[in-house]
Amino acid sequence: MQPMPSKPRLGQNFLEDAQAVQRIAASLGDLTGRTVVEIGPGAGAITGALTARAAHVLAVELDPGLAAHLRNQFPPGPQARVTVIEQDVLRFDFAAASAAAGQRLLVVGNLPYYITSQILLKLAASHAAPHGAILDRAILDRAVLMVQREVADRITAQPGSRDYGLLSVTVQMYGPAETLFTLPPSSFSPPPDVHSSVFRWRFAPRFAELGLQEATFLPFVRKVFAQKRKTLANNLRAARFPPHAVAAALAHASIPTQARAEALPIEELAALWHALHIPTSV
Ligand code: SAM
């Protein structure tokens, strides 16, 4: 039986499928000597499977009742392989955890769906320590995350597909993402209203390789995908790029004038960003 959550509104659908638990843990790859951050460990279903494989699990749980239950299940101590951190994951300091572990972190979680986007953006923002910090290196290695199926479809979508858009480009700018498997509502207690998919995300940001500035490229992508029904050119004009500059940039980047953003791979979006001289105009 599951422990009673203190805050039943925190996206708490507990995974009850033992095979899926093992698949999630196995999908993280070799965990020997590794530190894993688990987002929302809940009653510890995935946590237990991780302890058999990893050196250390940092279990970040917001619900005080569930955190107390986890501390009973995995008592603290010098040899403990699980550290329960009662905290909002959106406030968790991945850089400090990586520095303390002396390695890039692995991340896993059956995410609380009400903050999926914020968690993805938090991970993206945590991918490297800020320039000038004592630690200036990659923080995250790879993540295996469960999200609503439709969200996973959007995250992993490729150009030209119906689901390709802002979320796909934003996530994939930080590294390739692939869907691994899908679970029905009956795999959870209580069952959610939706199917869930597990995807793997390997952190390998592409900004340097494509000569892009993170701070201006992502807002540009948001403008490009502002209205799905409009052409790319119309979205850019709506974002106040002068029509002659839009036409010249499309020609320079060899993009057809009637193209829609959903058709453009990341490399073409990057070419357009360069052609519009965004790096020099900010
Ligand atoms: N990992 C467990 C499982 O698979 O059975 C529970 C998954 S449940 C979908 C999401 C978990 O995230 C819940 O335990 C919930 O309390 C926790 N949670 C919700 N919001 C959170 C937040 N902001 N930070 C950390 N944990 C959170």
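Pro190 is located in the loop between β8 (188-189) and β9. In this predicted model, the peptide bond that joins Ser189 to Pro190 is cis, with omega near -10°.

**Strand β9 and its partners**

- Strand β6 (residues 140-148) pairs with β9 in the antiparallel sense, over seven bridges.
- Within β9, Ser196 stands opposite Gln148.
- Strand β7 (residues 177-183) also pairs with β9 in the antiparallel sense, here over six bridges.
- Phe199 in β9 is the bridge partner of Thr179.

**Positive phi outside glycine**

- Arg240 is a residue other than glycine with a positive phi, near 75°.
- Arg240 belongs to the loop between α9 (232-238) and α10 (243-252), and it is exposed, with a relative accessible area of 77%.
- Ser254 is not a glycine either, yet its phi is positive at about 55°.
- The loop between α10 and α11 (266-275) holds Ser254, which is exposed at a relative accessible area of 62%.

**Largest pocket**

- The volume of the largest pocket is about 490 Å³.
- Its lining consists of 34 residues, and those nearest the centre are Leu10, Gly11, Asn110, Leu111 and Pro112.
- At least two lining residues come from each of β1 (14-15), β2 (35-39), α2 (45-51) and β3 (56-61).
- By class, the lining of the largest pocket comprises 20 nonpolar, 10 polar and four charged residues.

**Second largest pocket**

- The second largest pocket contains about 340 Å³ of space.
- It is lined by 17 residues, with Arg154, Gly165, Leu166, Leu167 and Thr170 nearest its centre.
- Two or more residues of this lining are given by each of α5 (116-125), α7 (166-172) and α8 (214-224).
- The largest share, five residues, is supplied by α7.
- The lining of the second largest pocket divides into eight nonpolar, four polar and five charged residues.
- This pocket lies between domain 1 (14-202) and domain 2 (214-276), because both domains give residues to its lining.

Key
Residues numbered from 1 in each chain as written. Predicted model: local features only at pLDDT ≥ 70, side-chain atom pairs only at ≥ 80, totals over all residues. Heavy atoms only, no water. 1 Å grid on protein atoms, 1.4 Å probe; cavity = no way out; pocket = protein on both sides within 12 Å on 5 of 7 lines; lining within 4 Å. Points joined across faces, edges and corners; volume = space filled by probe spheres on them. Helix = DSSP H or I, 4+ residues; strand = E, 2+ residues; numbered from the N terminus. Nonpolar A, V, L, I, M, F, W, Y, C, P; charged D, E, K, R; others polar. Domains from an automatic or database assignment. Pairing = 2+ DSSP bridges. Buried < 20%, exposed > 50% of the residue type's maximum accessible area, 1.4 Å probe, protein only.
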